[in-house]
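The sequence and the structure are shown first.

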Amino acid sequence: MAYYCQRCDRTFWSEHAYQQHVENSSAHYWCEKCDRDFVSYHARRSHYIQSGFHHFCHKCDEDFESRRGLLRHFSEDHWYCGRHNTIFDSSLGLKEHYVQSPDHHYCQKCSQHFDDKNNLDQHLRSSTHQPKNVRCPGLGCGRSFVSHSALLLHFEAGNCPSGMTREELNRIVVQADRNNIITNPARLIAGPQGYQQPSATDYWATARSWNGSAYECFLCHGTFRSLQSLNAHLQSPTHRERIYRCPNQSCGIEYSVLSALCQHVENGSCGVSRFRAVRNALDSLATNMRLLTV
């Protein structure tokens, strides 16, 4: 049986010979995977790009065995954005895309990606990018922090040599905030000399908190791997009264610790930092802190 190649005007006397001719001749552009012959290099290349059976890099004119192999090639050999499946001509072009696109949360200075905008904002406000200009007024401390919220967290954690604690800080703030700009009177105790914070109740868990698979908090039913972790949870502000609130009435988020409210104000997400009353309240607090910690 004869096999005729019309393109080359040649006859072959076996299928094997004909197949060898088609696959190896410069006049043919054979796709082995699809068992197809194309009339030109560009026709076959277009087939590679459009066919779902091929994993083709149009930059390198290379066909890969799998989608995973192609993506690995993109990541290792090109300036590639996986989220948008786009190859850029240079590293500068890729970084500019990261900076400009709202889908990316990218620190250009650190060449670091973040999961969301909040994480990026926290990174940009950290000591990596911000000077530590907020000095602790605590006696015998001298540490400096990048923000007021970081200083307050330092106090609340009980790490200041001055002896300032979360409970003492709350007492100072409640007394200083006479107009209840940042404190919630509904969660405070009224007295002849003004409002006071509610007495804190200390909770401690025992081995009886074990529910068969974990140690369970009887207040929120959260579970923990160890009794120590559960007790740390109970001593944290998680179950304390939320005596602080955002002064922005359209926001009104409540917090159990001042550092969280201060961070909320610093973020500026609800615009509360523009309120003069809030700035005055925080300035009054700062004055009282300096007087009571020296």
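## Cysteines

A disulfide is taken here as a pair of cysteine sulfur atoms within 2.5 Å. In this structure, which is a predicted model, applying that rule gives a count of 0 disulfides. Cys 57 is accordingly in no disulfide, and the cysteine sulfur nearest to its own, that of Cys 60, is 3.8 Å away. Because residues under 20% relative accessible area count as buried, Cys 57, at 0% relative accessibility, belongs to the buried residues, and Cys 81 is likewise buried, with a relative accessibility of 1%.

## The chain as a whole

The chain contains 10 helices and 18 strands. Of its 294 residues, 33% count as buried, and its accessible surface comes to about 18500 Å², with 47% of that area belonging to carbon and sulfur atoms. Among the contacts in the chain with a separation of 6 or more, 26% are accounted for by residues 24 or more positions apart.

## Annotated spans

An unreviewed UniProt entry carries the annotation "domain: C2H2-type", which covers residues 105–134 and 215–239. In the model, the span 105–134 is 27% helix and 17% strand, and the C-alpha atoms at its ends lie 27 Å apart. For residues 215–239 the figures are 36% helix and 16% strand, with the end C-alpha atoms 17 Å apart.

## Helices and their buried faces

In helix H8, which runs over residues 227–235, the residues Leu 230, Asn 231, His 233 and Leu 234 are buried. Viewed down the axis of H8, these buried residues fall within an arc of 155°, so they line one face of the helix. The packing partners of the buried residues of H8 are strand E15 (215–216) and strand E16 (223–224).

Helix H4 (residues 91–100) has Leu 94, His 97 and Tyr 98 as buried residues; they cover an arc of only 100° around the axis, and therefore sit on the same side of H4. The opposite face of H4, turned away from the buried side, carries Leu 92 and Gln 100, which are exposed. The cover over the buried residues of H4 includes strand E7 (79–81) and strand E8 (86–88), together with strand E9 (106–107) and strand E10 (112–113).

His 47 is found in helix H2, which spans residues 41–50. With 11% relative accessibility, His 47 counts as buried.

## Nonpolar cores

The largest nonpolar core holds 21 residues, and those that touch the most other members are Phe 155, Leu 169, Tyr 244, Leu 258 and Leu 261. Another core lies apart from the largest one and has 6 residues, among them Phe 64, Phe 74, Tyr 80 and Ile 87.

Notes: Residues are numbered from 1 along each chain as its sequence is written. This is a predicted model: local features need pLDDT of at least 70, side-chain atom pairs count only at pLDDT 80 or more; totals for chains, interfaces and linings use all residues. Side-chain values use heavy atoms; hydrogens and water are left out. UniProt positions are given in the numbering used here, feature names are shortened, and annotations may be inferred rather than shown by experiment. Helices (H or I, at least four residues) and strands (E, at least two) are DSSP runs, numbered from the N terminus. Buried means under 20% relative accessible area, exposed over 50%, partly exposed in between (1.4 Å probe, protein chains only). A nonpolar core is a set of buried Ala, Val, Leu, Ile, Met, Phe, Trp, Tyr and Cys residues joined through side-chain atoms within 4.5 Å. Contact means heavy atoms within 4.5 Å. Accessible areas come from the Shrake-Rupley method with a 1.4 Å probe; for residues, only the protein chains shown count as cover. The arc is that of the directions from the helix axis to the C-beta atoms.
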